[in-house]
Amino acid sequence: MSTLAFITSANKGIGFEVARQLGATGIIVLIGSRGKDRADSAVAALKKDGINAHPVEIDVNSEASVIAAAQKIASEHGRIDILVNNAGIMTDMAAGTRPKDLTLETLKQTFDTNVFGAFAVIKHFVPLLRKSRAPRIINVSSTLGSLAAMSDRAHPMHGVNFAAYNASKTALNALTVALAKDLAPDRISVNSICPGWVKTGMGSEHAAPDAGQGAGIIVTLATSGNPPTGTFVDENGSVAW
């Protein structure tokens with residue numbers, strides 16, 4: 001039986017690289033994207049490399065869209081084995097907005113995608129995961145969501161002080177912990193990962209590794225034979241909450 005992975009915002013950046021690397025192992029990849037044309041384009045590129053990929057239109061900011069995507073996958077595939085919550089925005093960081101200058105609108109927009117969108121996807125995709133023999137959820141977080149790191153003056157990321165993005169990833173980590181405990185009876189592992197600061201549209205060209213390297217930790221966790229649950233990790237191991 002083939003393994004099926006669904007990745008949100010998989011038409012570009014880290015999400016696309018996760019799909020490419022998973023697909024190269026023989027996993028069927030379902031490409032979640034807010035626009036059908038972008039999903040179709042990503043699928044076409046992956047198929048050129050012999051990857052079994054399928055488009056799934058989804059807007060994580062719309063619960064109706066999330067439900068429709070889950071229903072489409074249920075109808076066409078019956079289940080998923082791997083859910084990668086990759087969709088995210090970094091509006092305040094991109095604009096260089098200091099916490100005191102942050103607008104309530106920006107804070108709400110950031111949480112809408114990074115927290116509420118991720119939760120909506122998990123909520124409506126759990127029934128599909130329950131049909132898997134080895135179900136797992138991977139939430140793409142960031143060290144910037146680590147309260148331990150951000151409060152440590154000696155930490156190299158201490159000065160990256162963007163309230164909306166950082167707080168949204170802290171909240172996402174809290175969801176990871178809560179859901180890992182709640183879904184344990186269903187054998188669904190739930191973990192947060194930090195892919196590092198990588199060269200994507202969000203990460204900019206100043207970042208060190210490329211998106212392929214950033215995707216590696218996600219792929220490792222997605223394909224692990226015995227994944228942990230309720231953890232926060234990066235390529236070097238555990239990240240403090």
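Ser141 is buried, at a relative accessible area of 2%. Buried means under 20% relative accessible area, exposed over 50%, and partly exposed in between, with a 1.4 Å probe and protein chains only. The residue sits in the loop between strand E5 (136-140) and helix H6 (147-150). Helices (H or I, at least four residues) and strands (E, at least two) are DSSP runs, numbered from the N terminus.

Which residues is Ser141 in contact with, leaving aside its neighbours within four places in sequence? They are Lys169, Leu172, Asn173, Ser192, Ile193, Cys194, Pro195 and Phe232. Contact means heavy atoms within 4.5 Å.

## Basis of the model

This is a predicted model: local features need pLDDT of at least 70, side-chain atom pairs count only at pLDDT 80 or more, and totals for chains, interfaces and linings use all residues. Residues are numbered from 1 along each chain as its sequence is written, and side-chain values use heavy atoms, with hydrogens and water left out.

## Aromatic pairs

The whole structure holds three aromatic pairs. Rings of Phe, Tyr and Trp (its six-membered ring) pair if their centres lie within 6.5 Å; planes under 30 degrees apart count as stacked, over 60 as edge-to-face and the rest as tilted. One of the pairs is Phe6 with Phe125: the ring centres are 4.9 Å apart and the planes are at 10°, so this pair is stacked. Phe6 belongs to strand E1 (residues 4-7) and Phe125 to helix H5 (residues 104-129), so the pair ties together parts 119 residues apart in sequence. Phe6 is buried, at 0% relative accessible area. Phe125 is buried too, at 0% relative accessibility.

Phe111 and Phe116 also pair. Their ring centres are 6.3 Å apart and their planes are at 55°, so the pair is tilted. Phe111 counts as buried at 19% relative accessibility.

## The chain as a whole

The chain has eight helices and eight strands. Its radius of gyration is 17 Å; a compact globule of 241 residues would have one near 18 Å, so the two agree. That radius is taken over C-alpha atoms, and the globule rule is 2.2 Å times the number of residues to the power 0.38. Along the principal axes, the C-alpha atoms fill a box of roughly 50 × 40 × 35 Å.

Buried residues make up 49% of the 241. Among contacts between residues at least 6 apart in sequence, 69% join residues at least 24 apart.
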